[in-house]
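This report goes through ring pairs, nonpolar cores, the domain interface and some loop residues. The sequence and the model come first.

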Amino acid sequence: MSSWLAELRDPVPFALVDVFGSSPLSGNPLAVVDACELGGEGPPPRWMRQVAREMNQAETTFVLPAGSGGAHRRLRSFTAGGVEVFGAGHNALGAWWWLLATGRVPRPDDGVIVQEIGDRLLEVRVGDSGRLTMAQTAAAFGAEAEPSAVAAAVGLAPEDLDPAVPPRVVGTGADHLMVGVASDAALDAAAVDKKALVDLARPVGAQGVYLAVVGDRRPVATTSARFFNPGSGLDEDPATGSAAGPLAAYLAHLGILDPTGELLVHQGESMQRPSTIAAFAGAGGEVTVSGSAVLSAQGRLCGPSRD
């Protein structure tokens, strides 16, 4: 063992994985820390927030021993600003991809993993070639927002919004404001006023805002999107599974989603990190997101003080 590694206090393995991308340095980067090696119930939340700030990614996910007998592992995710998030998007899918790819969690015979996020137990189905399909909770439809106020907060004119997809909060684990945008040009032109967006989102109970272009073709099977969440310190996100699922559910609710229930979401182009998310909203209310990940880096970090 090299001297620098020997000097680390309780070295904890971590990785940087790019989720919903097809090659390294695409998709949505995620830091994953396997805190199970520390033993016990896991490290203190203060240390997890410190690590998330150090990693400086949109989210850092910590893998912990399951608190429920029905789960394989418990996941806790924090933004770089120290805000804990409970959605099941790239933060969870990327963690499971790494755990399976490195053999830290063996592939179950039935191909089904159960994850514990907050107080929920959610299934992850393991497919071929590293593709994972992750269940989200049934969609909850919340408050609507005034289109003109939404347009102003994202730097667009009211006519740049799509009246077929009026602004509304939808959640499948995390509540986000879904906003239909009329054209790719308007989507590209969106420029967020951070304070205005936070002031708009909080009263209607939304964490982030998801702008999506569905176009004129019906039914809708593909879309382009951008996600903003300045209230959690996230200016823009290149791939947002916790918003893609609600978007599919919302389009199904509006009666314009493809009859298969499938929606292909393209995101991250504006950030030079192209991403593809496969979302699904079934007639019975089930919502899933699917995708894979690639490894960019891995190593070990210093564990929490025992003091």
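## Aromatic pairs

Trp47, Phe62 and Phe78 form a cluster linked by ring pairs. The structure is a predicted model, and a search of the whole of this model returns three aromatic pairs.

Tyrosine 210 belongs to strand S12 (residues 208-213) and phenylalanine 227 to strand S13 (residues 222-229), so the pair ties together parts that are 17 residues apart in sequence. Tyrosine 210 and phenylalanine 227 are both buried.

## Nonpolar cores

The largest nonpolar core has 54 residues, and the members that touch the most others are Val17, Trp96, Leu132, Tyr210, Leu251 and Leu263. Helix H3 (residues 90-101) supplies eight residues, the largest share of this core. Both domain 1 (3-129 + 293-302) and domain 2 (140-291) contribute at least three residues each to this core. In soluble globular proteins, nonpolar side chains tend to be buried together.

Which residues does valine 17 touch, not counting residues up to four places away in sequence? Its contacts are Asn28, Pro29, Leu30, Val32, Gly94, Trp97, Trp98, Val294, Leu295 and Ser296. There is also a second, separate core of 23 residues, with Ala145, Leu156, Val204 and Val209 among them.

## Domains and their interface

The domain assignment divides the chain into domain 1 (3-129 + 293-302) and domain 2 (140-291). Taken over C-alpha atoms, the centres of domain 1 and domain 2 are 25 Å apart. In the contact between them, 20 residues come from domain 1 and 19 residues from domain 2.

The area buried between domain 1 and domain 2 is about 1400 Å², with 56% of it on carbon and sulfur atoms. Of the area that domain 1 buries against domain 2, 35% comes from Phe20, Gly27 and Asn28, more than from any other three residues. How many salt bridges does the rule find across the interface of domain 1 and domain 2? The rule finds one salt bridge there. Separately listed is a salt bridge in which the side chains of arginine 273 and aspartate 18 meet, at 3.1 Å from N to O.

## Two loop residues

Isoleucine 256 sits in the loop between helix H7 (241-253) and strand S15 (262-267). Is isoleucine 256 buried or exposed? Its relative accessible area is 14%, so isoleucine 256 is buried, the limit being under 20%. Leaving out residues up to four places away in sequence, isoleucine 256 touches Val165, Arg218, Pro219, Val220 and Leu251. Of these contacts, Leu251 is also one of the residues that touch the most other members of the largest nonpolar core. Between isoleucine 256 and valine 220 the C-alpha to C-alpha separation is 5.9 Å, although they are 36 residues apart in sequence.

Serine 232 is placed in the loop between S13 and strand S14 (234-237). Serine 232 counts as buried because its relative accessibility is 13%. Apart from neighbours within four places in sequence, serine 232 is in contact with Thr79 and Val83.

Methods: Residues numbered from 1 in each chain as written. Predicted model: local features only at pLDDT ≥ 70, side-chain atom pairs only at ≥ 80, totals over all residues. Heavy atoms only, no water. Core = buried A, V, L, I, M, F, W, Y, C linked by side-chain atoms within 4.5 Å. Buried < 20%, exposed > 50% of the residue type's maximum accessible area, 1.4 Å probe, protein only. Helix = DSSP H or I, 4+ residues; strand = E, 2+ residues; numbered from the N terminus. Domains from an automatic or database assignment. Contact = heavy atoms within 4.5 Å. Phe/Tyr/Trp six-rings, centres within 6.5 Å; stacked < 30°, edge-to-face > 60°. Buried area = accessible area lost by both parts, 1.4 Å probe. Salt bridge = Lys/Arg side-chain N within 4 Å of Asp/Glu carboxyl O.
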